[in-house]
Every structure is written in structure tokens, then in C-alpha cells.
Amino acid sequence: MVVANQKGGVGKTTSTVNLAAALSQLGQRVLVIDLDPQGNASTALNVDHRRGTPSTYDLLVDGAALTDVITDCPELPNLKVVPATIDLAGAEIELVSVVARESRLHKAIQAHPLVGTAADVGPERFDFVFVDCPPSLGLLTLNALVAGEEMMIPIQAEYYALEGLGQLLETVEMVRAHLNQRLSVSTILLTMYDARTRLAANVASEVRDHFGDTVLKTMVPRSVRVSEAPSYSQTVMTYDPASPGALSYLEAAREIATKGAPTS
């Protein structure tokens with residue numbers, strides 16, 4: 001599942017790490033691939049991402065195997081992480097001359113022994129692979145879109161939320177037409193919802209009218225605890241499990257697990 005939105009500050013990384021943590025707490029085996037050079041997902045999941053750490057940079061630029069760059073999330077036994085280092089910032093330039101540069105992530109993921117259907121791989125397979133994208137529509141995000149089967153778009157319940165969404169969906173259509181027919185926008189998550197404002201309710205209503213059942217019923221409220229958690233190298237799921245933000249992400253994870261459960 002690719003988590004993307006070229007608009008910054010909409011809760012992409014926050015949603016990725018908290019949904020991944022919630023799903024792992026629900027007994028799912030989850031892999032998070034941090035594709036953002038800022039490495040915020042790696043910070044929240046408490047994995048080392050200093051320069052030189054085996055990371056998504058090695059995966060994309062050097063062709064390293066996925067098994068060689070995966071690390072464990074210390075707090076959550078069912079959760080594995082591929083960290084991002086600052087080296088990734090130069091990856092787009094380094095990949096320009098590489099053949100089939102847009103499908104390197106896809107090849108790396110498909111080559112992993114625990115990726116595939118239950119019939120092919122067995123019960124130990126990853127139930128979910130999340131790819132946290134940078135806030136742009138560059139080559140890193142393109143690699144994620146070519147690798148993914150589903151896409152989740154976090155949308156902030158604010159005025160500018162729908163601005164730029166058209167461009168993102170056009171990019172998805174282009175990728176689907178030319179590079180990855182499997183890709184579908186399966187999930188839209190409303191984040192930073194402030195129930196006290198009419199504006200938030202209007203944005204939520206507009207998004208639901210436009211996208212229908214793709215929008216999760218659960219909305220993630222604005223929450224200080226969700227914002228605080230990464231400064232302690234934690235997700236809100238372990239930092240304050242009883243907070244409204246954590247409970248919302250747990251509920252959203254349940255929705256994703258039941259609605260997105262593959263039949264195979």
C-alpha cells in the first residue's frame with residue numbers, strides 16, 4: 001500500500017507509522033518502507049537511519065536485496081522497517097541514467113521471499129507492505145506507485161485539502177495506463193479532523209461525496225499526543241494507546257484489515 005500525497009503536512013508519515021503499528025498490534029505482519037529522505041517514519045518507528053545505515057538508498061541505487069536492508073521495530077514484534085537515510089535525497093539524480101529506473105522498488109519487493117500470496121509464500125508472509133512517500137511526485141514516488149497494488153491518500157480536513165488532489169490522481173492514472181495496471185486508489189483517510197469546525201465537516205462531506213466508499217469511516221482527530229509521539233521515537237500506538245488519536249488509528253486499521261483483506 002503506497003501512502004502518497006504531494007501536499008506536505010497532511011499526515012502521510014504519521015498515518016503510515018500509526019496504521020502499521022496498529023495493524024501489527026492486531027496480529028498482522030507488516031513491513032514499512034521509508035521512501036522519504038527526511039526519514040521521519042524511521043524516527044517514529046525507532047530504527048537507526050544515520051548516513052551509512054543499510055536503507056532504501058541501497059535498495060534503489062545499489063540494487064541491494066530487500067532482506068539485507070530490513071530491520072526490526074524494537075517496540076512491535078510483527079513490524080519490520082526499511083529505513084531512509086539522507087543519502088536518498090540524491091537518489092533521484094543518480095537514478096536518471098539507470099535503465100528501468102521507475103521499477104527498481106517493484107523488483108526489490110517482489111524478490112523478497114515473504115512477499116506474495118498465502119498459497120505461494122505460506123503463513124509467514126507479510127500481510128501488509130506500506131511505502132511512505134516524500135511530498136512530491138518525483139522518481140521516488142513514481143517507484144512506489146509502480147511497486148504498489150493499492151494506494152492510500154491521507155487528506156487533511158481543511159480548505160486546501162482537495163487542491164492538488166487532481167494532479168495526484170492524474171499521475172496515478174498515467175502510472176496505471178503505462179507502468180502498473182494493478183494500482184488502485186483503495187483508501188482515503190481524513191486526518192487532523194476538528195469536529196468543532198463547520199469547515200472540517202464540509203471538507204469531509206465533499207470528500208465522501210466525491211470518493212464514496214473509498215473513504216474510511218474513521219476520521220483521525222487533531223491530537224497533541226499524535227504529534228508528540230515521534231519526539232520520543234514512538235508511534236502514538238505505544239506512546240499513549242488510550243488517546244483519541246491512537247484509538248482512531250486502531251479503528252482505521254481494523255477497517256483496512258477487513259475491507260482490504262486479500263482473498264488469496
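This is a predicted model: local features need pLDDT of at least 70, side-chain atom pairs count only at pLDDT 80 or more; totals for chains, interfaces and linings use all residues.
A residue is called buried when its relative accessible area is under 20%, exposed when it is over 50%, and partly exposed in between, using a 1.4 Å probe and protein chains only. Strands (E, at least two residues) and helices (H or I, at least four) are DSSP runs, numbered from the N terminus. Residues are numbered from 1 along each chain as its sequence is written, and side-chain values use heavy atoms, with hydrogens and water left out.

Next comes the chain as a whole. The secondary structure of the protein chain comes to 13 helices and seven strands. The radius of gyration, taken over C-alpha atoms, is compared with a globule rule of 2.2 Å times the number of residues to the power 0.38. For 264 residues, a compact globule would have a value near 18 Å, and the 17 Å of the protein chain agrees with this. Along the principal axes, the C-alpha atoms fill a box of roughly 50 × 40 × 40 Å. Of the 264 residues, 51% are buried. The accessible surface (Shrake-Rupley method, 1.4 Å probe; for residues, only the protein chains shown count as cover) comes to about 11,800 Å², and 52% of it belongs to carbon and sulfur atoms. Contact means heavy atoms within 4.5 Å; among contacts between residues at least 6 apart in sequence, 77% join residues at least 24 apart.

The strands come together in a sheet. Strands of a sheet pair through backbone hydrogen bonds, either parallel or antiparallel. Here, two strands are taken to pair if DSSP finds at least two bridges between them. Seven strands form an open sheet in the order 3-4-2-5-1-6-7, with mixed pairing. Strand 3 (71-72) and strand 7 (184-191) stand at the edges, each with a single partner strand, so one side of each is left without a neighbour in the sheet. Strand 2 (residues 30-34) runs parallel to strand 4 (residues 79-82), to which four bridges join it, and Val30 stands opposite Leu79 in strand 4. Strand 2 is also parallel to strand 5 (residues 128-132), joined by five bridges, with Leu31 opposite Val129. Because five of the five residues of strand 2 are buried, this strand is largely enclosed by the rest of the structure. Strand 6 and strand 7 pair in the parallel sense over seven bridges, and Pro154 stands opposite Leu189 in strand 7.

Gln156 lies in strand 6 (residues 150-156) and counts as buried at 9% relative accessibility. Leaving out residues up to four places away in sequence, Gln156 touches Lys7, Gly9, Val10, Ala161, Thr191, Met192, Val203 and Arg222.

The interior can also be described through its nonpolar cores, each a set of buried Ala, Val, Leu, Ile, Met, Phe, Trp, Tyr and Cys residues joined through side-chain atoms within 4.5 Å. The largest nonpolar core has 50 residues, and those with the most contacts inside it are Ile33, Leu105, Met151, Ile153, Ile155, Ile188 and Val207. Helix 8 (residues 139-147) supplies the largest share of this core, six residues. Apart from this core lies another, of 35 residues, among them Met1, Val30, Val32 and Ala44. Beyond its neighbours within four places in sequence, Met151 is in contact with several residues, including Met1, Leu145, Leu168 and Leu183.

Leu60 is found in helix 3 (residues 56-60) and is buried, with a relative accessible area of 0%. Not counting residues up to four places away in sequence, the residues that Leu60 touches include Leu35, Leu88, Arg104 and Leu105. Leu60 and Leu216 are 156 residues apart in sequence and 32 Å apart in space, C-alpha to C-alpha.

Finally, the aromatic rings. Rings of Phe, Tyr and Trp (its six-membered ring) pair if their centres lie within 6.5 Å; planes under 30 degrees apart count as stacked, over 60 as edge-to-face and the rest as tilted. The structure holds two aromatic pairs. Phe128 and Phe130 form a stacked pair, 6.0 Å centre to centre with 15° between the planes. Phe128 is buried at 10% relative accessible area, and Phe130 is buried at 0%. Tyr232 and Tyr239 form a stacked pair as well, 5.1 Å centre to centre with 20° between the planes; Tyr232 counts as exposed at 51% relative accessibility.
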